[in-house]
Amino acid sequence: MILRNFSRSIARQPWIRKAAVSTPLIRDLAWRFIGGETLEAGIATARALRARGISTTINHVGTHVRSASAAVAATEVAIASVRRIAGERLDCYLSLKLTQLGLDVDEALCAAQLHRVLDAAAHAAVFVRLDMEESRYVEPTLRLFDAVRAAYGADAVGIVLQSYLRHRPDDLAREAAAGSRIRLVKGGYWEPAEVVWRRRDEVDGAFLAQAGYLLRHGRRPALATHDPRAIARIRSIAAALGLEQDAFEFQLLHGVREDLQDALVREGYRVRSYVPFGEQWYEYALGCIRRLPGGALDRLTERFRGSEAP
Ligand code: FDA
């Protein structure tokens, strides 16, 4: 763990970033997780996945903007994205993070930007999903989401709920009862133990219990996981409930467990891949590389420490 944290801080150094972004080896490794640097590249990736029977949600990478002008710029990309999606015959939608639309700057500013995106998305008939971020954003995200779901309808905008949050058991039942379209995830941020389940069996247990609830009570639920045991369990719950295979969908990140994605498609399940694109790809890809088995990140940072020091 100490080595891992050390590698994490090294990898975030500007000189490592600069070396990595311009190095073919890293770009190749990172590229499997990224649609590309531009919206066009993201759409091209979505098109290629569609040819394999995989639906997509694209995401312009970036979070936590610090100024109104950055929030407005991100909003413009989101609006361009929904318009571009509408121009394609793809089963594709947009995922976005509210801190990219200015939630840290001002909630009213963020709400105004979200409305601009949803106006464009409604016009283009493209669904938008609000990703869920660190626990301190859960309350404002749900507040904004509930307001826009009421304004635009549950088939226009959906939400993500995280199973690792140990003190928010009511969110799922409340949102399901409201007819919200929910993507269920285990939860992806480092949070204090008072806030989240930490032990793997606790996180997995909460995820499976909530997945079962969603299969029973949710509206077109999305179960987002790469965990083969969770996927097997979800399949058997769905079969026991007599659900059609297209009553729900599995979601996975682009470039992660492609074998599993293809196998699920072959077996007739709906599969959606989350495809990030944009110039800020490095931090996102770093998170994915860190999760690769076998300490790939440690080996890479050692390599750069030896060769590319400023
Ligand atoms: P688990 O953690 O058990 O992982 C199973 C295996 O998958 C791992 O052993 C690893 O090999 C591989 N793996 C998992 N994640 C990987 C990654 N990023 N890169 C490379 N390999 C990886 N979280 C959140 O807090 N808010 C959100 O909005 C979203 N949105 C989201 C959308 C989609 C489509 C997915 C698939 C996931 C998210 N997440 C998320 C992330 C989620 O909360 C969780 O952190 C990861 O999916 C890992 O959990 P698993 O269920 O895959 O199981």
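In this predicted model, helix α9, spanning residues 200-217, packs against helix α10, spanning residues 228-240, at an angle of about 30 degrees, and their axes lie 10 Å apart. Angles under 35 degrees count as roughly parallel, and α9 and α10 are therefore roughly parallel to each other. The crossing in which α9 passes α10 is right-handed. On the α9 side the contact is made by Arg 200, Asp 204, Phe 207, Leu 208, Ala 211, Gly 212, Leu 215 and Arg 216, while α10 contributes Arg 229, Ala 230, Arg 233, Ile 234, Ile 237 and Ala 238. Sorted by class, the contact of α9 with α10 holds eight nonpolar residues, one polar residue and five charged residues.

Arg 200, which belongs to that contact, is also listed with Met 132, Gly 187, Thr 225 and His 226 as the closest of the 22 residues that surround the ligand.

| Residue | Atom of the residue | Atom of the ligand | Distance |
|---|---|---|---|
| Met 132 | backbone N or O atom | nitrogen atom | 2.8 Å |
| Arg 183 | polar side-chain atom | nitrogen atom | 3.3 Å |
| Gly 188 | backbone N or O atom | oxygen atom | 3.0 Å |

The crossing of α6 and α7 is right-handed. From α6, the residues Glu 107, Cys 110, Ala 111, Leu 114, His 115, Leu 118 and Asp 119 take part in the contact, and from α7 the partners are Pro 140, Arg 143, Leu 144, Val 148 and Tyr 152. The contact of α6 with α7 is made up of eight nonpolar, one polar and three charged residues.

A further pair joins helix α3, residues 24-31, to helix α12, residues 281-290, with an angle of about 75 degrees between them and their axes 9 Å apart. Since angles of 65 to 115 degrees count as roughly perpendicular, this angle makes α3 roughly perpendicular to α12. Here Arg 27, Leu 29, Ala 30 and Trp 31 of α3 meet Trp 281, Ala 285 and Ile 289 of α12. By class, the contact of α3 with α12 comprises six nonpolar residues, no polar residue and one charged residue.

Methods
Residues are numbered from 1 along each chain as its sequence is written. This is a predicted model: local features need pLDDT of at least 70, side-chain atom pairs count only at pLDDT 80 or more; totals for chains, interfaces and linings use all residues. Side-chain values use heavy atoms; hydrogens and water are left out. Axes are lines fitted to C-alpha atoms, for helices over the stretch in contact, and angles run from 0 to 180 degrees between N-to-C directions. Helices (H or I, at least four residues) and strands (E, at least two) are DSSP runs, numbered from the N terminus. Angles under 35 degrees count as roughly parallel, over 145 as roughly antiparallel, 65 to 115 as roughly perpendicular and the rest as oblique. A crossing is left-handed if the near helix is turned anticlockwise from the far one by less than a right angle, and right-handed if clockwise. Contact means heavy atoms within 4.5 Å. Ala, Val, Leu, Ile, Met, Phe, Trp, Tyr, Cys and Pro count as nonpolar, Asp, Glu, Lys and Arg as charged, and the others, Gly among them, as polar. A residue is near a molecule or strand if one of its heavy atoms lies within 4 Å of it. A polar contact is a pair of N or O atoms within 3.5 Å; within protein, one must be able to donate a hydrogen and the other to accept it, and residues adjacent in sequence count only if both atoms are side-chain atoms.
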